Amino acid sequence: MALGVAELFHGLFGSAIPSVIGALGQRVIELVPGGLATRAIETLGKADIPLLVAALVCGSLASGALLATLSRRRPVAALAGVGALWLAGTAAALAEPSAAALPTAAALLVAAACGTWVSGLLLRAGRGEGRDTGRTMPGVRRREAGSRAPTEVGRRGFVLLAGAAAAAGVAAAGAGRLLSSREPSREAARPLRLPEDRPAGGGARVHKSLPPPPEAASIEVRGMPPLITPAEDFYLIDTALVSPRVDAREWSLKIGGNVENPLELSYADLLSMPTREADITLSCVSNEVGGGLVSNGRWTGVLLSDVLREAGVDPRRITGSSSQIVGRSVDGWTAGFRTELAFDGREALVAFGLNGNELPLKHGYPARLVVPGLYGYVSATKWLSEIELTGWDFDAYWIQRGWAKEGPVKIQSRIDTVRDGETLPAGRIPVGGVAWAPHRGISRVEVSTDGGRTWNEARLAAQLDPDSWRQYLYGWDARPGRYTLQVRATDGEGRTQTARRTPPHPSGATGYHAIRVTVV
């Protein structure tokens, strides 16, 4: 009941009163030691957050049961325990950047009081006490005639009463979640409204749009991922248990640290700068070989180099105290990379659009960083609130937890059209998928059907952009038998991915994607 009422307040008042379970989970994520966090990610993958939420809910229910049991002998101590739970929940909620202190504390106090009242009602019912007079409640079952032992509500009646209380709590939580999901927050992104292409001062263009991807850049075959990943299918990995809800009308981006001209940009300021579209593949450092934590999007934004130049950053005068760009999220998360990478020609963006729409909330609305060629843990700051130039000695969030400092994306390739363990008919079998080496491009992909003893060059689709993944296809004339298929790629600089198999930690997985199939 207490959790349900707390979620209902969150639904009614939005981010001003945070979800207590979400806030507690966020604090756990922040406080867990780096080594343990890494093991959890590697072991649980995408299940880590759902399991954390389930553990918090179960822990809360267990705490309530223990306090209720304690209250039968030491009611004052039980009430003190309720107070401790309220303090813990309030402290966790107030750590959220959008929390309003007094409303949050009051709402959680009401929620705790509701839970305490329901627990007391159930305990009194279990002892057969009336509400005010001490008389037995309807449906009682006495022990034996003449016994002084307390009377009890009938088992069926007690179960019905407890079930009604549980249902009320679940209903309150469900209503809260439903209301919070309807809060205006860009859950579903809307089409971008940008100025049309037209000359601006100095011959620049206000908006540099891209033509539709050429047909030659796509290979249409069953199982091949789309060239541009739909926003709803884009991989999602971050430390935010609940996506921060930011009002673009009140949002601003601060650019500071070791810069000559610190400045603050509003959302309107950002959109008024020369913007562009760029096709960029992003991948997660925790992606296993052949895994799905990689996607390709058409991003809209402002060049990070333009924003930095507005702040007086000169790429010819980068010093030790300005050698790192640190992006900060509204929730305090940080990522950092070398300043020189913003000026080396790659289309590093302060992005506010994905695939022609505003950024979805879960992907960083209203603005985020997108840097080709770097894993997201060192570059892809969502819900961006600040860009700071600082020294290389500063360690951002994941660096403090044992991941490598630099984070360049390794050459990788994946088989998509054939699944591991699949049984295939003999004949011509299309073996294809994607390969990526952002900012370097892909120049060659090879497929082996005999476990790596021999290699066959695959046909490549046209390269959409060196920062994007590239599709490939190999036509395999398969005969009956058991086979191990492998794939490897060579980047635009002539480097071929290594066969050495390594895990994602601490700097990204390596090795050939291999699958086993049976041909009949």
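A: Ser 379 is buried in this predicted model. Its relative accessible area is 2%. Residues count as buried under 20%, so Ser 379 falls in that class. Ser 379 belongs to helix α10, which covers residues 376-379. Leaving out residues up to four places away in sequence, Ser 379 touches Ala 335, Phe 337, Leu 369, Val 371 and Leu 374.

Now the chain around this site. The protein chain has 520 residues, and buried residues make up 47% of them. It holds 10 helices and 22 strands. The C-alpha trace spans about 95 × 70 × 40 Å along its principal axes. Take the contacts between residues at least 6 apart in sequence: 72% of these join residues at least 24 apart.

Next, helix packing, with helix α5 as the example. Helix α5 runs over residues 75-94, a stretch of 20 residues. From first C-alpha to last, α5 reaches 28 Å. That is close to the 28 Å expected at 1.5 Å a residue. Buried residues in α5 are Ala 78, Gly 81, Gly 89, Thr 90, Ala 92 and Ala 93.

Two partners of α5 follow. Packed helix pairs are described by the angle between their axes and the distance between the axes.

Start with α4, residues 48-71. The axes of α4 and α5 come within 7 Å and cross at roughly 155°. Angles over 145 degrees count as roughly antiparallel, so α4 is roughly antiparallel to α5. The crossing of α4 past α5 is left-handed. From α4, Ser 63, Leu 67, Leu 70 and Ser 71 take part in the contact. They meet Pro 75, Ala 77, Ala 78, Gly 81, Val 82 and Leu 85 of α5. The residues of this α4 and α5 contact divide into seven nonpolar, three polar and no charged. Ala 78 and Gly 81 are in this contact, and both are buried.

Then α2, residues 20-31. Here α2 and α5 pack at about 75°, with axes 8 Å apart. The two helices are therefore roughly perpendicular to each other. Val 20, Ala 23, Leu 24 and Arg 27 come from α2. Their partners in α5 are Ala 88, Gly 89, Ala 92 and Ala 93. The residues of this α2 and α5 contact divide into six nonpolar, one polar and one charged. Gly 89, Ala 92 and Ala 93 meet α2, and these three are buried.

Key
Residues numbered from 1 in each chain as written. Predicted model: local features only at pLDDT ≥ 70, side-chain atom pairs only at ≥ 80, totals over all residues. Heavy atoms only, no water. Helix = DSSP H or I, 4+ residues; strand = E, 2+ residues; numbered from the N terminus. Expected span 1.5 Å × (residues − 1). Buried < 20%, exposed > 50% of the residue type's maximum accessible area, 1.4 Å probe, protein only. Axes fitted to C-alpha atoms, helices over the stretch in contact; angles between N-to-C directions. Parallel < 35°, antiparallel > 145°, perpendicular 65-115°, else oblique. Left-handed = near helix turned anticlockwise from the far one by under 90°. Contact = heavy atoms within 4.5 Å. Nonpolar A, V, L, I, M, F, W, Y, C, P; charged D, E, K, R; others polar.
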